[in-house]
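Keep the sequence and the 3D view side by side as you read.

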Amino acid sequence: MRTFNSPFRKELEDFLTLRQASLSKSAYAHDCHYLADFDTFSARYTNEKFVSETLINNWIHTLNGKSSSVANEVIVIRIFMKYLNSIGITAYIPPIPKVADDYVPYIFSDEELDRIYLQADNLDVANTKKNPLIQYEFPMVIRLMYGCGLRIGETLALKMKDVDLIGGILIMRHTKGDRQRLVPMNPLLTEILERYCLAMGIVGVPDAWLFPISGKDESMTPKDTQHWFKKILRLAEISFPGRKKHERGPCLHCMRHVFVFKSFAAAVKAGRRIDDSVLYLSIYLGHDSLQETEKYMKFSSELFPEAMELFSDYSADVFPEVAYET
C-alpha cells in the first residue's frame, strides 16, 4: 500500500482498498499513480480536510500531456471526490475536461521503409544469446505488420494453426477486445511467409509459435521486438527530433499506420471511393467502429502532401475536428 501525506491519507488508503477489489491490475496501478499525484499536491496546498474548487482547479492546471490523458486523471479524482462526499467530507467535483483529438501518427516514407528492411534483413546477432532466431524472425514480423496492418501483439500470438498458406489467410483468434477475425494476405506476402515457415521447420506443427524464442515453448515478446526495432531505427538513421507529446514518433506500431495510409491511397488511385473502402478496412483492422479507425485517417500533410489530397476532404467531412466530453 502506498504512503500518503495529505489530510486525506486515510481516505485515500480506504478508497484504494475498495478500488483494488473491482479493478484490473493495470487499472488499479493507474489509480494509484493519479491519486498519489493528487495527494502530493494536496499536502503542499492545504492542511484542512475538505476539497475546495480552488484546490481542484489549481491541481488541474498542473496536469500536462494529451488532453485524453488529462481527462482520464480528472475522472479518477472525480470518483474520489464523490467518495469523500459519501462519507461526509465536503469535496468539489470538477467537470471532465474536454478532449480534443490531437493524435498525429508517424508515417514512414518509402525510402525510410527501404532502409528499415535493409537493416532488418542484415541484423547483427553475434552477441545475441537469448534468441539467435531473431535474425530470421524479425524481418518476417515487420513484413506481416506492414503487409496486413497487424498489431504487434496479434503478430506475436500467431501459431502455425492460425496460418492458412493455401488460402493466404491469417486467423486472428484473440485480438483487442478478445475478438476473432480473418486477415487475407497479398499472394506475394503469402509466398514469403511460406518460405519462412519451411525454413523454420514449423510447417505441419499446429501448435508451433510463428515467432518462437530459441529453445523455449514461448513466443517473442513485444518488449524484445520493440527493442530490436529501436535498434534498427538508429542504424537506419530514422528519428523525429522535436516531436510533440501527441505525436507518436517512429515506432513499430507505425507499420500499422503505414498500411492504412497506403490502403486508402491505393483505393483512390484505383478509382474506388474512400467511403466504399473505409468500412471494409475498419473490419480488416479489427476495429469496433468507424470512430476507432478515425485516428488512422489523420496524417501529417507535411509528410505526404500529394497523397493527402486524395482523402483529406473525405476525412474532414466524416470525422470533423471537434472537442467532446467523455
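Tyr 280 is exposed, because its relative accessible area is 62% and the cut-off for exposed is over 50%. Bear in mind that this is a predicted model. Tyr 280 sits in helix H11, which covers residues 274–285.

Now go inside. The largest nonpolar core holds 56 residues. Within this core, Phe 108, Leu 144, Leu 170, Leu 193 and Leu 210 touch the most other members. H6 gives the largest share, eight residues. A second, separate core has 28 residues, including Cys 32, Trp 59, Val 76 and Leu 84.

Setting aside residues up to four places away in sequence, Leu 144 touches, among others, Leu 158, Leu 170, Leu 193, Leu 210 and Phe 211.

Leu 158 is placed in the loop between H7 and strand E2 (163–164). Is Leu 158 buried or exposed? Leu 158 is buried, because its relative accessible area is 2% and buried means under 20%. Beyond its neighbours within four places in sequence, Leu 158 is in contact with Leu 144, Leu 150, Leu 170, Ile 171, Met 172, Trp 209 and Leu 210. Leu 158 and Leu 210 are 52 residues apart along the chain, yet 5.7 Å separates their C-alpha atoms.

E3 and E4 run antiparallel and are joined by four bridges. Strand E4 spans residues 181–184 and has two faces. Arg 181 and Val 183 form the covered face, while Leu 182 and Pro 184 form the uncovered one.

Finally, return to helix H6, where Glu 137 lies. Which side of the buried cut-off does Glu 137 fall on? Glu 137 counts as buried, because its relative accessibility is 0%. Which residues does Glu 137 touch, not counting those up to four places away in sequence? They are Asn 131, Tyr 196, Met 200, Phe 211, Pro 212 and Met 220. Phe 211 is also touched by Leu 144.

Terms used: Residues are numbered from 1 along each chain as its sequence is written. This is a predicted model: local features need pLDDT of at least 70, side-chain atom pairs count only at pLDDT 80 or more; totals for chains, interfaces and linings use all residues. Side-chain values use heavy atoms; hydrogens and water are left out. Buried means under 20% relative accessible area, exposed over 50%, partly exposed in between (1.4 Å probe, protein chains only). A nonpolar core is a set of buried Ala, Val, Leu, Ile, Met, Phe, Trp, Tyr and Cys residues joined through side-chain atoms within 4.5 Å. Contact means heavy atoms within 4.5 Å. Two strands pair if DSSP finds at least two bridges between them.
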